[in-house]
2 protein chains.
Amino acid sequence: MKRRQLIAAGSAAAAVAACARAPQATPATAGTARFRWTMVTSWPADLPGLGTAVARLAGMIGRASAGRLEIDIQAGNALVAPFEVFDAVSRGRAEIGHSAAYYWKSKSPATPYFCSVPFGLNAQEMNGWLYHGGGLELWRELYARFALVPFPCGNTGVQMAGWFNREITSLDDLRGLKMRIPGLGGEVMSRLGVTQVNIPGGEIFSALQQGAIDAAEWVGPYNDLAFGLHRVAKYCYYPGWQEPGPTLECIVNQRAFDALPDDLKAIVEVCCRAINDDMLADYTARNQDALKQLVEVHKVELRRLPDPVLAALREQSRQLLEELAASDAFARRVHDSMHAYRERILAWAAVSEVPYYQARS
Amino acid sequence: MKRRQLIAAGSAAAAVAACARAPQATPATAGTARFRWTMVTSWPADLPGLGTAVARLAGMIGRASAGRLEIDIQAGNALVAPFEVFDAVSRGRAEIGHSAAYYWKSKSPATPYFCSVPFGLNAQEMNGWLYHGGGLELWRELYARFALVPFPCGNTGVQMAGWFNREITSLDDLRGLKMRIPGLGGEVMSRLGVTQVNIPGGEIFSALQQGAIDAAEWVGPYNDLAFGLHRVAKYCYYPGWQEPGPTLECIVNQRAFDALPDDLKAIVEVCCRAINDDMLADYTARNQDALKQLVEVHKVELRRLPDPVLAALREQSRQLLEELAASDAFARRVHDSMHAYRERILAWAAVSEVPYYQARS
């Protein structure tokens, strides 16, 4: 990936320059200006699914641009801490980042809607809302306040409810648990007596092992197996009510994006779309293999959350989202947009995916 | 979309040429060669979902390539008939096409697997199999025999079972029906006494209106409403057992593809991925709106196929797929690949999407 004419640049402003030769020779191709962007992420570089998708995105942008836009990935803690990605890109310390919008609720109560909310949309439905239901326009409007351009860039599909070191047979079993569960799911849990802990994914294993937490929600079989969570917790619960289809985000510093010629802007956008498609396919294909291994080789106890627990989680989630919408004008707009879409999508799911799953089995 | 330096070309061989100026000035960007491709499709140009996705694909490729690869869309019957797309691109009459692999079963019994088979995979699962389960490699291997490079390029999601002018309360009601239903779904239906009719989508309305057929399967609410099928049939049945997640294809003539520089090859591939993501989002968002309109405004009778009918369809489908696999060595390989994947995906769906839908409702 090294090229002679690269512009090494640590800030968005410095990242923009044209090569010496013939910038006007090919006007329609927007010249031969070259860009090198630094990319920060919230995941370890080699983490299957999330980390590998980031590497694929960088490779894809490099190939499609014939090397005119190169992405230098600084994953995990290499340049900034996982939960500092938003600020780093917003302030131009890096031009591009990969993370999840629900980590930034302190910036705006509306951000979780652009990733996943409890009992919300699954992956397919999220894409429908974002791209053809008004979601992405709202997301762009919000992030413009922070000089960021957001792109949906991956989805894990329905997650699992989490790993527990004791059985959950009733609501009583939740009380007093210390659980790593980020975002709104964690707030819902805390209303049911759980102590919410928010630590980066890479720290979950040792926290469980050392007894600093009793339970943890991460992603699903593919990622959880990679982190070895089955070695430090016995029970794996489903379904992932708290993150039914989380959209990952690619965020680009506004000035860095504006400095690109139109074709490179299109390439960034299209490659994010392609990764949005690819990551879900990756998780879908790999989760099933990992699930089989967890159950058959590692003898993990796979359990469904009891109905009364799910009912309590659903009701607390509904209340929390209503309160969130009432707390902030922008969150109200986003909530209402997604809520109206969700009502209609329930009717569609009832004559499409749901009866198809029934008919097939 | 008109540019001075365009090369007008009707065949793949003629489509390749470099501009006069400075081809070696920017070696890493693969020069400034320009290409104009003719694209044939199996859909009317303005058909929502299918036709509009093709237009989006062409626009996306044009923007990402800064106009170096322009796509001239000749939709529907403009240049070739809908069911001649495969041959037209294979023989170089057009460089690129958009269609559905299950239309080409006469070329190879394996082609339906790359679109949709009865009681097979839904959209999310198809993408997992194609991109990360070995499906696309098999598809490329098969199409190479025909000098074609295939790309997954869209999915409608779960379709509906079809429109009927009489109620289906038992298997007896199927016997003697003349139904437009293509591919393997049609063959399954014919085993239950239905007369299978295969006509392009654009002819369904008049065939139903004139009584040439008694029933028709097309896509789902979004497309069916656009064709006005509710005006010529009373009952709309679900779920779409015959096409649970059909992948649309973009096919490129091998010589035309090979003639592209690497960056344009990457752009074609990435844009197809982006449309693969976008079309499903489009259908997901629009189907629900169209469903509401069909039921509330047009008073369509929405019905679920009775369990005994679904059970018979499932068993006939299983037998048909086994026979198909036994008839052809390549179909056997594809069948076995998808079948093994499908077994594992059923276990994953049972702890992810299925219980999530239950928990949400």
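**Interface and local features of the two-chain model**

Chain B and chain A bury about 6800 Å² between them, 62% of it on carbon and sulfur atoms; buried area is the accessible area (1.4 Å probe) that two parts lose on being put together, summed over both. The structure is a predicted model, in which local features need pLDDT of at least 70 and side-chain atom pairs count only at pLDDT 80 or more, whereas totals for chains, interfaces and linings use all residues. Residues are numbered from 1 along each chain as its sequence is written, chains are lettered from A and ligands numbered from 1 in the order in which they are written, and side-chain values use heavy atoms, with hydrogens and water left out.

On the side of chain B, His132(B), Trp348(B) and Arg360(B) lose the most area to chain A, together 12% of what that side buries. The contact (heavy atoms within 4.5 Å) takes 77 residues from chain B and 77 residues from chain A. Between the chains, 30 residue pairs are in polar contact, both residues being at pLDDT 80 or more. A polar contact is a pair of N or O atoms within 3.5 Å; within protein, one must be able to donate a hydrogen and the other to accept it, and residues adjacent in sequence count only if both atoms are side-chain atoms.

Elements of chain B that each supply at least two residues of the side touching chain A are α1 (50-64), α3 (123-132), α9 (262-296), β11 (301-304), α10 (307-326), α11 (329-349) and α12 (353-360). Helices (H or I, at least four residues) and strands (E, at least two) are DSSP runs, numbered from the N terminus. Helix α9(B) gives the most to this side, with 21 residues. By class, the side of chain B that touches chain A has 39 nonpolar, 17 polar and 21 charged residues; Ala, Val, Leu, Ile, Met, Phe, Trp, Tyr, Cys and Pro count as nonpolar, Asp, Glu, Lys and Arg as charged, and the others, Gly among them, as polar.

A search of the whole structure finds 50 salt bridges over all chains, a salt bridge being a side-chain nitrogen of Lys or Arg within 4 Å of a carboxyl oxygen of Asp or Glu. Eight salt bridges are found across the interface of chain B and chain A. In one of them, Arg273(A) pairs with Asp278(B), with the closest N and O atoms 2.8 Å apart. Arg360(A) and Glu125(B) also meet in a salt bridge (2.8 Å, N to O). This pair crosses from helix α12 (residues 353-360) of chain A to helix α3 of chain B. Arg360(A) is buried at 5% relative accessibility, and Glu125(B) is buried at 3%; buried means under 20% relative accessible area, exposed over 50%, partly exposed in between (1.4 Å probe, protein chains only).

Within chain B, the side chains of Asp263(B) and Arg68(B) form a salt bridge at 2.5 Å, N to O. The pair links distant parts of the chain, Asp263(B) in helix α9 and Arg68(B) in the loop between α1 and β2 (69-74), 195 residues apart. Asp263(B) and Arg68(B) are both buried. Salt bridges that share partners join Arg56(A), Asp277(A), Asp278(A), Asp282(A), Arg286(A) and Arg273(B) into one network.

In chain A, Glu95(A) is buried yet has no salt bridge, and the nearest side chain of opposite charge, Arg36(A), is 8.5 Å away; Lys and Arg count as positive and Asp and Glu as negative, while His and the chain ends are not counted. Glu95(A) lies in the loop between α2 (85-90) and β3 (96-99), and its side chain reaches the backbone nitrogen of Thr38(A) at 2.7 Å.

Several backbone features occur in loops. A cis peptide bond, with omega about -5°, joins Tyr238(A) and Pro239(A), and a cis peptide bond with omega about -5° joins Tyr238(B) and Pro239(B). Pro239(B) lies in the loop between β9 (235-238) and β10 (247-253) of chain B. Lys299(A), although not a glycine, has a positive phi of about 55° and is exposed at 60% relative accessibility. Phe119(B), likewise not a glycine, has a positive phi of about 60°, and is buried, with a relative accessible area of 3%.
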